[in-house]
Amino acid sequence: MAWQRLGPGGIAGKHSLYLQRPSTVARIPLCSIPKRQFHTPGIYSLAGSRKYKGAGHIPQLNTPRQSYKPYFQSTFTQRLGLHTPSVKNGGVNLEPHGKFPRFWLRENCQCPDCIHPITRQRMLDTFSLPEDIQTESVDIRTENVSVKWSDGHDAVYPRSWLSDHKLPPALEPSQEVLNFRDFRFVSGNQGHPTVEYQDVMESTKGLANWLKEIVSYGYCMVRGVPLEPEATQGLLERIAFIRNTHYGGFWDFTSDLTYKDTAYTSESLGVHTDNTYFSDPARLQLFHLLSHTGGEGGESLLADGFRAAAVMRTENEANVKTLIDIPQPWHSSGNDDVCIQPYQPFPVFERDELSGVLQRIRWNNYDRAVKVDWEPHVAEQWYSAARHWNEILGREDIQIKMQLEPGTALIFDNWRILHGRTAFRGKRRMCGGYINNDDFISQYRLLNDGREKTLNNIGTLDARLTC
Ligand SMILES: [Fe+2]
Ligand SMILES: [Zn+2]
């Protein structure tokens, strides 16, 4: 289940009541609802009504059922598909496609004069339009709905564009302290999600599938990677360009403390996310062990932060709230020429404000800086929540252990999966790199959803919460 209980609420249109549910919006014909409660379009709170479950379940309203009008009132003009739309409250009624804000609709004309057909950038000077622009006529019969506007412009809107840009029902902030998007996970060591290097390198389908596994499981193994750093670099570059940091771009190192960071030693490393010290931490990280000679150890540890946060929610919700509400300072200052800090302190859990869906985990106890802007009791509260979080991350059933082997690369979602390793002896040569969130998600969406759906979903709540 992606996200649940968005709070009691819904929106009532002229003919239907819309209720928000996990991943769908249920449309309930008004004829099946006691009339007096919903006689005008507007936003209604269903607070106090009983919980609604399953399509077609009507909230219990404490009024007797009354007579009702037919669900769809057919009129001559509607049958023809020609009507003078309503402009009340700034909205233009393009039923059955929906109701749209008036100025917004004019601004978002999809004709090639208003929006560049290649760059998809707005060509129209928004503020040259009269503020009180009105519709003169509407024709919804054609594949491209056409609207004649009072500035003389003949606007067009493809039906598919209109349905993808319908106003969502009014949503109320989630009552849950934390929610989760759809995700899958591996319990114990049941077998890791794995793809073949050749499939990723040689086909778009193989690449799309790889990215899907990463979004779904949070990590994925790639088998059959040639043992040269160049091949590993090429693998990462199938997704997007490699992110440069003060440690370089694509890295290839042995445990020699080249950079003054514990990651470059042979000591054990507790699970953490990387880049807590950046305003925008890298989304993906890939490791490929090229060789390990003269010793052993160095098992890789992963911990699924989504699962761990879900466990924490069931055990102590107040602790989850503390890790959302109290931001921390983070830094990277080991090398003499840098002292990197995010532009603001960030909490351990970042969530989508409206739905409460967990979007990013930032946890690296090595890189947490000294916080001073808090009251003593708030500090105590944070340490107690952090202790609980740290304890969950160390649990057997949360940690995924694996011995990396030359030829198999590991990639993971650094906004969700924490990584670490046990101590090792001998000499290890590892290579890998980071990929930014935006570049990864762009590639993921285009390959898995196609260009049209991706373009039509820009900025929607659905798009925000699916990866
Ligand atoms: Fe790391
Ligand atoms: Zn236009």
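Guide: Two strands pair if DSSP finds at least two bridges between them. Keep that in mind as we look around this predicted model.

Visitor: How do you know that S8 and S9 pair?

Guide: Count the bridges: 4 of them join S8 (residues 135–139) to S9 (residues 144–149). The cut-off is at least two, so these strands count as paired. They run antiparallel, and a hairpin of 4 residues links S8 to S9.

Visitor: Why is H5 called oblique to H10?

Guide: H5 (residues 204–217) packs against H10 (residues 437–449) at about 120 degrees, with the axes 9 Å apart. Roughly perpendicular stops at 115 and roughly antiparallel needs over 145, so H5 is oblique to H10. The crossing of H5 past H10 is left-handed.

Visitor: Which residues of H5 and H10 meet there?

Guide: On the H5 side, Thr 204, Leu 207, Ala 208, Leu 211, Lys 212 and Val 215; on the H10 side, Gln 443, Tyr 444, Leu 447 and Asn 448. Sorted by type, that contact has 6 nonpolar, 3 polar and 1 charged.

Visitor: What makes S14 and S19 edge strands?

Guide: Look at the open antiparallel sheet of 4 strands, ordered S14-S21-S16-S19. S14 (269–272) and S19 (399–402) each have a single partner strand, so one side of each has no neighbour in the sheet. On average, neighbouring strands here are turned by 20 degrees against each other, ignoring direction.

Visitor: How do you know that S16 and S21 pair?

Guide: They share 5 bridges, and at least two are needed, so they pair. Ser 300 sits opposite Arg 421 in S21. Helix H7 (residues 305–315) lies across both strands, at about 50 degrees to S16.

Terms used: Residues are numbered from 1 along each chain as its sequence is written. Chains are lettered from A and ligands numbered from 1 in the order in which they are written. This is a predicted model: local features need pLDDT of at least 70, side-chain atom pairs count only at pLDDT 80 or more; totals for chains, interfaces and linings use all residues. Axes are lines fitted to C-alpha atoms, for helices over the stretch in contact, and angles run from 0 to 180 degrees between N-to-C directions. Angles under 35 degrees count as roughly parallel, over 145 as roughly antiparallel, 65 to 115 as roughly perpendicular and the rest as oblique. A crossing is left-handed if the near helix is turned anticlockwise from the far one by less than a right angle, and right-handed if clockwise. Two residues are in contact if their C-beta atoms, placed from the backbone, lie within 7 Å. Ala, Val, Leu, Ile, Met, Phe, Trp, Tyr, Cys and Pro count as nonpolar, Asp, Glu, Lys and Arg as charged, and the others, Gly among them, as polar.
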